[in-house]
Amino acid sequence: MPPQLRVYVPDHPLIKHWLGVARDVNTPGVLFKTAMSELGRWLTYEATRYWFPTLETTVNSPLAPCNATLINPEIPIAVIPILRAGLSLLDGAQTLLPVASIYHLGLVRDEETLENTCYLNKLPEKFAPNTQIIILEPMLATGGSIMTAMQEIAQREADISLVRIISVVAAPPALQQLNTHYPNLNVYTAIIDEGINEQGYIVPGLGDAGDRAFGT
Ligand code: U5P
């Protein structure tokens with residue numbers, strides 16, 4: 001069987017709660033930002049739950065030596081927020097992964113053609129071997145942005161099986177494209193919605209994540 005994209009939708013009350021808050025059109029901007037930050041935190045928690053580089057060692061408790069499992073400090077962790085919307089998840093991700101390097105990638109989507117262009121690229125020339133990569137992109141809609149991001153990342157010697165995408169709402173067109181081109185990827189999302197409208201918005205989705213997070 002060919003490899004297939006793994007899409008995880010964690011069954012967690014806090015993730016459901018903050019998704020509901022973020023979806024509500026009556027949620028004010030300040031609370032929307034809190035909701036996205038919380039979603040960034042809990043989805044990062046889920047994305048690192050079973051599969052993160054640890055090492056076995058021993059430490060001395062105040063009473064006796066004991067075994068300890070620690071995050072391996074030698075394995076690089078890269079978090080890549082896709083601007084602007086991805087910034088809204090960064091706070092939450094960073095509280096769990098304070099030592100991660102943050103590589104900003106700015107993409108803007110033309111509202112008519114839905115084509116995107118890159119206006120900021122802070123990715124390294126190449127990723128060190130074994131780098132754990134977490135991409136923050138809250139809305140996987142047509143898939144245009146995430147595919148551009150993946151091309152930039154893949155050409156920098158990233159191990160695609162170590163890439164995790166954290167999104168809030170994912171739609172089938174983006175997931176299909178990722179499955180076709182990067183089947184070894186892992187996606188963590190709060191929900192998979194039915195589809196997208198003619199303007200490229202996910203329905204029901206939560207609207208324009210960047211506009212709502214930044215009040216523009
Ligand atoms: N986007 C939204 N809400 C939507 C659909 C798209 O905010 O319902 C924005 C996000 O900012 C995201 C980008 O970064 O468009 C992804 O769209 P696409 O390239 O997957 O179509």
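Asn-130 is placed in the loop that runs between β7 and β8. This is a predicted model, in which local features need pLDDT of at least 70, side-chain atom pairs count only at pLDDT 80 or more, and totals for chains, interfaces and linings use all residues. Residues are numbered from 1 along each chain as its sequence is written, and side-chain values use heavy atoms, with hydrogens and water left out. Helices (H or I, at least four residues) and strands (E, at least two) are DSSP runs numbered from the N terminus.

- Most residues other than glycine have a negative phi, and most peptide bonds are trans.
- Asn-130, which is not a glycine, has a positive phi of about 70°.
- The relative accessibility of Asn-130 is 46%, and the residue therefore counts as partly exposed; buried means under 20% relative accessible area, exposed means over 50%, and partly exposed lies in between, for a 1.4 Å probe and protein chains only.
- Glu-157 also has a positive phi, near 60°, and is a residue other than glycine.
- Glu-157 lies in the loop between α4 and β10 and, at 55% relative accessibility, counts as exposed.
- A cis peptide bond, with omega near 0°, leads from Val-203 to Pro-204.
- Pro-204 belongs to the loop between β13 (202-203) and α6.

**Leu-83 and the cis bond to Arg-84**

- Leu-83 and Arg-84 are joined by a cis peptide bond whose omega is about -5°.
- Leu-83 is part of strand β4, whereas Arg-84 sits in the loop between β4 and α3.
- With a relative accessibility of 13%, Leu-83 counts as buried.
- Apart from neighbours within four places in sequence, Leu-83 is in contact (heavy atoms within 4.5 Å) with His-104, Leu-105, Gly-106, Leu-107, Tyr-119 and Leu-120.
- The C-alpha atoms of Leu-83 and Tyr-119 are separated by 9.5 Å, and the two residues are 36 residues apart along the chain.

- Strands β6 (residues 105-109) and β7 (residues 116-121) pair in the antiparallel sense over 5 bridges; two strands pair if DSSP finds at least two bridges between them.
- Gly-106 has Leu-120 in β7 as its bridge partner.
- The hairpin has 6 residues between the strands, and Leu-114 takes a positive phi near 65° there.

**Packing of α2 and α3**

- Two packed helices are described by the angle between their axes and the distance between the axes.
- The axes of α2 and α3 are 6 Å apart, and the helices pack at an angle of about 45°; axes are lines fitted to C-alpha atoms, for helices over the stretch in contact, and angles run from 0 to 180 degrees between N-to-C directions.
- This angle makes α2 oblique to α3; angles under 35 degrees count as roughly parallel, over 145 as roughly antiparallel, 65 to 115 as roughly perpendicular and the rest as oblique.
- From α2, Met-36, Ser-37, Leu-39, Gly-40, Arg-41, Thr-44 and Tyr-45 meet Ser-88, Leu-89, Asp-91, Gly-92, Ala-93, Thr-95 and Leu-96 of α3.
- By class, this contact of α2 with α3 has 6 nonpolar, 6 polar and 2 charged residues; Ala, Val, Leu, Ile, Met, Phe, Trp, Tyr, Cys and Pro count as nonpolar, Asp, Glu, Lys and Arg as charged, and the others, Gly among them, as polar.
- The buried residues of α3 (residues 87-96) include Ser-88, Leu-89, Leu-90, Gly-92 and Ala-93.
- Among the elements that cover these buried residues are α2 (29-47), β4 (77-83), β5 (101-102), β8 (132-136), β10 (163-170) and α6 (209-214).

**Packing of α4 and α5**

- The axes of α4 (residues 144-154) and α5 (residues 172-181) come within 9 Å and cross at roughly 25°.
- α4 and α5 are therefore roughly parallel to each other.
- Gly-144, Ile-146, Met-147 and Met-150 of α4 meet Gln-177, Leu-178 and His-181 of α5.
- By class, the contact of α4 with α5 has 4 nonpolar, 3 polar and no charged residues.

- Ala-158 is placed in the loop between α4 and β10 and is buried, with a relative accessible area of 14%.
- Not counting residues up to four places away in sequence, Ala-158 touches Phe-127, Ile-133 and Ile-153.
- The C-alpha atoms of Ala-158 and His-17 are separated by 34 Å, with the two residues 141 residues apart along the chain.
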